[in-house]
Amino acid sequence: MKVNISKFAPLVIFIAALAVVYGASTASRLMQIERGWKAHPAQYYVDDVPMVNTLDAYKWVRMGEEYKEGKYNTSENDTLMYFPDGRPRENPVPLLSIMLAGISSFFNGNLYEAGLHLVPFLAGLFIFPFGIYFYRLGYPAAGVLGGFCGTFAGMYYGRTTAGRIDTDCLNLFFLFLTALFIMLASDRKKNREIWAFSAAAGLAQLLFTWWYDHPAFILMFCGVLVVSLALYRRKIKDIAIAAGVYIVFSNPVFFKDSLVNMFSLLNSYILSPVSISGGFPNVYQTVSEAKATPVGEILNGIFIHPVMVFIALGAFVLLTVRNPKKVLPLLPVLAMGLLIFKSSGRFVVFMIPFLGAGIGYLLNFAAAKIPSSVIKREWVKSAAAHGAVGLFVLMIALLPRPAGFAASYSNQGKTSVFFAVPQPSIDTDMYRTFNMLRDRLPAGSAVYTWWDFGLAIEAQARLATFHDGMSQNTSKTWLIARSMLASPEMAVRYISYISNKGVNPIEEKRRKGRITAAEVLKDVENYSEPLMDDRIYLSFTYDMVWKYGAIKEIGAWDIVNSRSAPWEGAIDMRQCAAPAGRMVSCGGVNIDTMLGVVNNNTPLKKIDYVNTGGRVVKEQDTGLSSSLHAIVMQDGGRSHAVFLMNEKDYNSMFVQLYLLGKYDPRFYEEVISVYPLTRVFHVKNGQAVQ
């Protein structure tokens, strides 16, 4: 039997190319484990826990551990989150947590190890539905190159590296899979096939919502399905049945929630209000990934040169114009990508595969136009198109590239992407302090600290926190920020108010527009009831020095005019190089300790000298007219850091308790000090501020 090479060769070449791209995607991330976690265990492990490089990972792992232990009850509040109010548990149990629990048996029950090794295999799965989509369009090279660019471009690569145990690694997969099923449903002639693929699209969205909990896409893809079937001139009755089948398989409950979720997304990423109604600040605006990024900066990080981006985008537009009906199912994903021109740069992950497909389309088009006198067989032209993809990839690998491309993760792009090693979100020394919290604080304690490490404390110390990465955009974060800026005595009012009453009543009224920030603030600052709970612990960590600007932006919010308050300085931290003496030189700042001036002309009001144990060993009042303070950190007679701040910041709870270790023993008791890494105080109950 003679095999028709021309018939099967293009498919074989395409499958092989797709497999190579997926293999490279997976191998590059697995090599990160070898060159990071396995090569440098002291930097990447605390006991048997591998460090991760996203703070959200701790949420998924803890829920997976509770699910595995049979302790995850969807009908109960999660008492470790959002103390004292608690948060409703996610229902159903998050799919990622279930997967971690399921495969942990291959890693001696360690869910962190399971996630570390799982993400590399999941991150590149989107390559297959994306590639198949463009293969069916007739542009296989577009699918292959789009998959390559999508998995290796900086933003996506950074969000799906080994150790990034989060939902980013499968989001593109579910979205492109849904689009593929809708395309297959649209060009079917038999109703049962249309309904079968509509069901498959609904099922893909059901899994996606279970995975990511953003049902807005269910509504978007439902609209695309209806319009796509209408463009193919299907009967209204058949379209209605297809839509009904889609909704049933995507879960009508999720479909009902999709409109609310869509409004939430629009509000967060398109409308992006600076403040919430009633004068409350929009805390989310201080989160880096939610901030708008200049388009030029985004584009400069996609391909070799921004011009290439516009060439790729123009090529994809041409592809769309020539195949409008077949490209339509991709619209929801493309729309998310276009948000880079309006909102956060994180949305570039949705755009890059299309840009790669645009370049691939040009290569496919060029190969198809090769004269038959040069290449007669079509499968050879297909091989030529894929060969051109390989040359394009080689060009990206060899030429200098902008900061956003994945290979630049190692030594400014001078080393292959296979050698890139992500850094842990929490270094090992800091992570060990969570073990100290677990071992030294009473069971059932609650930790009052900034939100960034909340999920990690809940997971490792199994202690409650007042807010974390799942609840930072609430009035509680605003109140906690204000308490950090307040005097230590006034801060007791905030801590007592939040601990005794919670903020759910405030949040409920705020959502309905029945309370203002001014009313809340008046209530809190006049609160005189003593703290009722004896298990409240105030924790400061070194990272909060760098986050003080965000804390101040939120805490000092102008609640009357709903805007950022005039900037009145922050904490300026400089590393020192000179030994202790009359002149202290630190990062371009020279302090004459005898005269009490900075850089020969700026007077200081006071200089505090703090030793390695976090104790003030000397206080120097300069006698000069000034509101500027300096705190000099010393180790063995050598100055190693200096903090400069104004009078108001100097008198804040953050500076007095954390940097200086000064507190009223009526209200606070220091219980843990690994200075300056972390400092923990017990907030005494039964004491009211007069």
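Predicted model: local features only at pLDDT ≥ 70, side-chain atom pairs only at ≥ 80, totals over all residues.
A residue counts as buried when its relative accessible area is under 20%.

**Stop 1: the nonpolar cores**

Now select Phe134, Trp478, Phe540 and Tyr668. These are the residues with the most contacts inside the largest nonpolar core, which has 187 residues. Next, colour residues 168-186: this is helix H9, which gives the most to this core, with 15 residues. In soluble globular proteins, nonpolar side chains tend to be buried together.

Which residues surround Phe134 once neighbours within four places in sequence are left aside? Show Tyr139, Pro140, Ala142, Gly143, Phe316, Leu319, Leu330 and Ala357, and you have its contacts.

**Stop 2: the disulfide**

A disulfide joins the two, with an S to S distance of 1.9 Å, and a search of the whole structure finds one disulfide. Look along the S-S bond: the torsion is about 90°, so the disulfide is right-handed. Both Cys576 and Cys586 are buried.

**Stop 3: salt bridges**

The structure holds 36 salt bridges. Begin with Glu66 and Arg89, whose closest N and O atoms are 2.9 Å apart. This pair links distant parts of the chain, 23 residues apart: Glu66 is in helix H3 (residues 57-68), while Arg89 is in the loop between strand E4 (87-88) and helix H4 (95-103). Are Glu66 and Arg89 buried or exposed? Both are buried.

Move on to Asp452 and Lys547, a salt bridge with its closest N and O atoms 3.6 Å apart. Asp452 lies in the loop between strand E5 (446-448) and helix H21 (454-460), and Lys547 in the loop between helix H26 (543-546) and helix H27 (548-555), so the pair ties together parts 95 residues apart in sequence. At 14% relative accessibility, Asp452 counts as buried. To see a network, select Arg62, Glu66, Asp78, Arg89 and Glu458, which are joined by salt bridges that share partners.

**Stop 4: out to the surface**

Finish with Leu203, Val248 and Phe249, which make a nonpolar surface patch of about 270 Å². Val248 lies in helix H12 (residues 236-250) and counts as exposed because its relative accessibility is 54%.

How values were computed. Residues numbered from 1 in each chain as written. Heavy atoms only, no water. Core = buried A, V, L, I, M, F, W, Y, C linked by side-chain atoms within 4.5 Å. Buried < 20%, exposed > 50% of the residue type's maximum accessible area, 1.4 Å probe, protein only. Helix = DSSP H or I, 4+ residues; strand = E, 2+ residues; numbered from the N terminus. Contact = heavy atoms within 4.5 Å. Patch = residues over 30% accessible without salt bridge, like charges linked within 9 Å, V, L, I, M, F, W, Y side chains within 5 Å. Areas by Shrake-Rupley, 256 points an atom, 1.4 Å probe, with all protein chains shown as cover. Salt bridge = Lys/Arg side-chain N within 4 Å of Asp/Glu carboxyl O. Disulfide = S-S within 2.5 Å.
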